[in-house]
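Here is a quick tour for anyone meeting this structure for the first time. Have a look at it, and then we'll walk through a few of its parts.

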Amino acid sequence: MLLVSNAYVLEDVMVMSDYQRRLKASLATVPTMHFLHGALLSALLQLARIQTDSVVEMLRELYPDLHYEIVAMSTTGDKILDTALSKIGEKSLFTKELENALERNEVDLVVHSLKDLPTSLPPGFTIGAICKRENPHDAVVFHPKNSGKTLSLLPEKSVIGTSSLRRAAQLKKRFPQLEFRDIRGNLNTRLKKLDEKEDFSAIILAAAGLKRMGWENRIGQILSPEDCLYAVGQGALAVEVRAKDQEILNMVSALHDGETVLCCIAERAFMKHLEGGCSVPVAVNTTLKDGQLYLTGAVYSLDGSDSLKETMQTSVNYPQQNEDGPNDDVQHVGITAKTVPCQAQQAAENLGVELANLLLSKGAKHILSVARQLNDAR
């Protein structure tokens, strides 16, 4: 099995299999930044490799006869280092080359951070697995001099670093006494800027990434949903495959975590119906309890002064049925989940659409339009 990461060849292991025919399966991670020096691994490349390895280990447990080769890739998006993702506006810049490799049968599996995947995939591709979600919330990493504090205890005018419009919009509203500024660079660079300079009192990062990197001890505060709703798909890993490759699709479908699938279908449907993206502040919080799926969704102006937030729920308590046949290829916002009841998936998608419609009826389109225009003008 071939595993692909983003920047340079990491390993070169021949593929061997005891299956009826030789099965070559390739995994690629979504590139997170351009690899600048061949002798060093950036923090984000390390994270990509860690995420790939976690999927590899799950596959090894299921298919111990397969061996893996990891190959590296970089994309157009990796090379744009002087522009914020919210200004680039096209997540496909980080996935197009990987999907081209899938299309050419050079690789068979692509491992992404789900939040980096567009809600509409190109024809011929599907998300064949969504693994169990890590903590989806945002985390605060404090300057050493502020160790033990929380955002609410920081002095007035303290500067908080974040490159996310979603985070900044919510936290500006929640903590008006603080200042928020962009911070550039990979995880190591941002942590170094925080620790070695006096420019920032704290920075905001995804808790999942910090935990996967083994840096959980740097987390000073986990932001609750009352403080900051998270990004659509945050904390979940997705495996993208060719939609018609039934052998690979069947193989990876065993990696699906049913609860994560339903939560992420609802979130992606919400985002897609709003026509949102990284260039506008859209946020969610999703929970599944006793067969009920609860989705909170919100939109914000760039400064957080204007916002809409609502919560809806639906039942997803449907049994798995024998759905062999055409329904096997049904996608819900780009996801093919054979191991999750189709009725439950449809209910989750409907929930996202209905919540988006509720916000749109209350003026969400105007808030997002103004936010997009102001972001473009920055």
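This is a predicted model: local features need pLDDT of at least 70, side-chain atom pairs count only at pLDDT 80 or more; totals for chains, interfaces and linings use all residues.

The chain holds 10 helices and 14 strands. Its exposed surface comes to about 16,400 Å², with carbon and sulfur atoms supplying 49% of that. As for contacts with a separation of 6 or more, 74% of them are between residues 24 or more positions apart.

**Strands that pair up**

Strands of a sheet pair through backbone hydrogen bonds, either parallel or antiparallel. Here are some antiparallel pairs from this chain:

| Pair | Bridges | Facing residues |
|---|---|---|
| β5 and β11 (residues 237–242) | five bridges | I130 and A238 |
| β6 and β9 (residues 202–206) | five bridges | A139 and L205 |
| β6 and β10 (residues 221–222) | two bridges | A139 and I222 |
| β12 (residues 282–289) and β13 (residues 292–300) | eight bridges | L288 and L293 |

Take β5 and β11 to start with. They belong to an open sheet of three strands, in the order β4-β11-β5, with antiparallel pairing. The edge strands, each pairing on one side only, are β4 (110–113) and β5 (125–130). On average, neighbouring strands of this sheet are turned by 35° against each other, direction ignored. Helix α3 (residues 96–103) packs on the sheet and touches β4, β5 and β11, and its direction makes about 40° with that of β11.

Now for β6, which is mostly covered, with five of its five residues buried. In a regular strand the side chains alternate between the two faces of the sheet. In β6, D138, V140 and F142 point one way while A139 and V141 point the other way, and all are buried.

What do β12 and β13 form together? They make a hairpin with two residues between them, and D290 in the turn has a positive phi of about 50°.

**Two loops to look at**

Is N146 buried or exposed? This residue is found in the loop between β6 (138–142) and β7 (159–161). N146 counts as buried because its relative accessibility is 5%, and the cut-off for buried is under 20%. Leaving aside neighbours within four places in sequence, N146 is in contact with L154 and S201.

P319 is in another loop, between β14 (307–315) and α9. With a relative accessibility of 52%, P319 counts as exposed, because exposed means over 50%. The C-alpha atoms of P319 and P341 are separated by 6.2 Å, although the two residues are 22 residues apart along the chain.

**A pair of helices**

Two packed helices are described by the angle between their axes and the distance between the axes. Helix α8 (residues 258–274) and helix α9 (residues 342–361) pack at an angle of about 35°, and their axes are 7 Å apart. Their crossing is right-handed.

Which residues of α8 meet α9? They are L262, I265, A266, A269, F270, H273 and L274. On the α9 side, the residues they meet include A344, A348, L351, L355 and L359. Sorted by class, the contact of α8 with α9 has 14 nonpolar, four polar and one charged residues.

Terms used: Residues are numbered from 1 along each chain as its sequence is written. Side-chain values use heavy atoms; hydrogens and water are left out. Axes are lines fitted to C-alpha atoms, for helices over the stretch in contact, and angles run from 0 to 180 degrees between N-to-C directions. Helices (H or I, at least four residues) and strands (E, at least two) are DSSP runs, numbered from the N terminus. A crossing is left-handed if the near helix is turned anticlockwise from the far one by less than a right angle, and right-handed if clockwise. Contact means heavy atoms within 4.5 Å. Ala, Val, Leu, Ile, Met, Phe, Trp, Tyr, Cys and Pro count as nonpolar, Asp, Glu, Lys and Arg as charged, and the others, Gly among them, as polar. Accessible areas come from the Shrake-Rupley method with a 1.4 Å probe; for residues, only the protein chains shown count as cover. Buried means under 20% relative accessible area, exposed over 50%, partly exposed in between (1.4 Å probe, protein chains only). Two strands pair if DSSP finds at least two bridges between them.
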